Amino acid sequence: MASKKKALIIGITGQDGSYLAEFLLTKGYEVHGMVRRSSSFNTERLEEIYEDPHVDNRHLILHYGDLSDSNSINSMINKSRPDEIYNLGAQSHVRVSFDIPEYTADIDALGTLRLLDVIREQNYPIKFYQAGSSEMFGKVLEVPQKETTPFNPQSPYGCAKVFSHMICVNYRDSYNMFICNGILFNHESPRRGRTFVTKKVVEGLVDIKLGKKKKIFLGNLEAKRDWGYAKDYVEAMWLMLQQDTPDDYIIATRETHSVREFVEYAASLIGYKIIWKGKGLKEIGVDEKSGETLISIDKAYYRPSEVDILLGDNTKAKQKLNWNAKVRFKDLVPLMMKREFEDRGLQSSDYLK
């Protein structure tokens, strides 16, 4: 009987990591995950699959480690002996990367290099997936963006991800390692972190509906993004590592929508029609029926250098991986709104139109 395949997920406690762990478990993997030490529990996204460490023959095993610490990376890989490693670990908030650029570079750029060097020294082959980002394209040089589109990052986060992408290509070419870069465009879910704009809008609107909040403060309403569903995207990560040869792929929906559109659509699902008044930092979003201001602008949420539009061409992923996005914008927003009510113990049907 063949032994189980083993996967190590760096960033298993995040949105993508938790969905990927669930997916790999359904494929029969033994899943290992890196968890950063914290004085509070940070495994809430893994609650449905978490296994007591005292139980024998576990399918999910967690290890303490940190991308800033080569020793912990080396120890974790030697203990788990994975067939596949998925590097989803990062300081992933683009706006915050302007405030902590050195930390962002250390984790998002050098963290990848530390992983690659440990993998290169192993005495058996390990397949490696690197989580890239559409933010690498930054102020885009063509629309839509393809695998061949030049990078033009506009944030410390985007710059760090470009380094990771290029060092992966370099190690793949130099040492004949099986390394794939997944250039994932924005992907959301009910598990998205609360400081990300989609989750912030959904959570904020539900708070307003329930009378817990008056309004939401947002930044650039005109920013356009290619929004997909994280649960779809983790399957693409796995598919990349099942190919005969390593390559780089864009994972996207090939649809782009503005933050303004996201707000309007999400609000409409719970009975609000947003009317916009004013311009720039003085613009507000008003509920047509009540006249109440639901949306205000705060310049603190603007980036020093903005990325106006991201739109991915996923043709290569369709052709070579047989992958396509199942959940698109029109279904993603209701999915997130529905789950927001349910997570609060409420019947979503009582609120959604």
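Here are some friendly questions and answers about this predicted model.

Q: What percentage of the residues in the chain is buried?
A: A residue counts as buried when its relative accessible area is under 20%. Of the 353 residues in the chain, the buried ones make up 53%.

Q: Where does the largest nonpolar core lie?
A: This core has 65 residues, and Leu24, Tyr86, Tyr129, Ile251, Phe262 and Trp323 touch the most other members. Its largest share, nine residues, comes from helix 7 (residues 230-241). Both domain 1 (6-189 + 228-255) and domain 2 (197-223 + 258-309 + 328-350) give residues to this core, so it lies between domain 1 and domain 2.

Q: Which residues does phenylalanine 262 touch, not counting residues up to four places away in sequence?
A: Phenylalanine 262 is one of the residues that touch the most other members of the largest core. Leaving out residues up to four places away in sequence, it touches Thr198, Val201, Val202, Trp227, Phe329, Val333 and Met336.

Q: Is helix 1 mostly covered or mostly exposed, and what does it pack against?
A: Ten of the twelve residues of helix 1 are buried, so by the under 20% cut-off helix 1 is mostly covered. Among the buried ones are Tyr19, Leu20, Phe23 and Leu24. They pack against strand 1 (6-10), strand 2 (30-35), strand 4 (84-87), strand 7 (187-188), strand 10 (228-229) and helix 7.

Q: How far apart are the end C-alpha atoms of helix 1?
A: Helix 1 (residues 15-26) has twelve residues, and at 1.5 Å a residue they should span 16 Å. The distance in the model agrees with this: the end C-alpha atoms are 17 Å apart.

Q: Which residues is arginine 328 in contact with, leaving aside its neighbours within four places in sequence?
A: Arginine 328 sits in the loop between helix 9 (315-321) and helix 10 (329-342), and is partly exposed, with a relative accessible area of 22%. Its C-alpha atom is separated by 9.5 Å from that of arginine 254, 74 residues apart along the chain. Beyond its sequence neighbours within four places, arginine 328 is in contact with Thr253 and Glu255.

Key
Residues numbered from 1 in each chain as written. Predicted model: local features only at pLDDT ≥ 70, side-chain atom pairs only at ≥ 80, totals over all residues. Heavy atoms only, no water. Core = buried A, V, L, I, M, F, W, Y, C linked by side-chain atoms within 4.5 Å. Buried < 20%, exposed > 50% of the residue type's maximum accessible area, 1.4 Å probe, protein only. Helix = DSSP H or I, 4+ residues; strand = E, 2+ residues; numbered from the N terminus. Domains from an automatic or database assignment. Contact = heavy atoms within 4.5 Å. Expected span 1.5 Å × (residues − 1).
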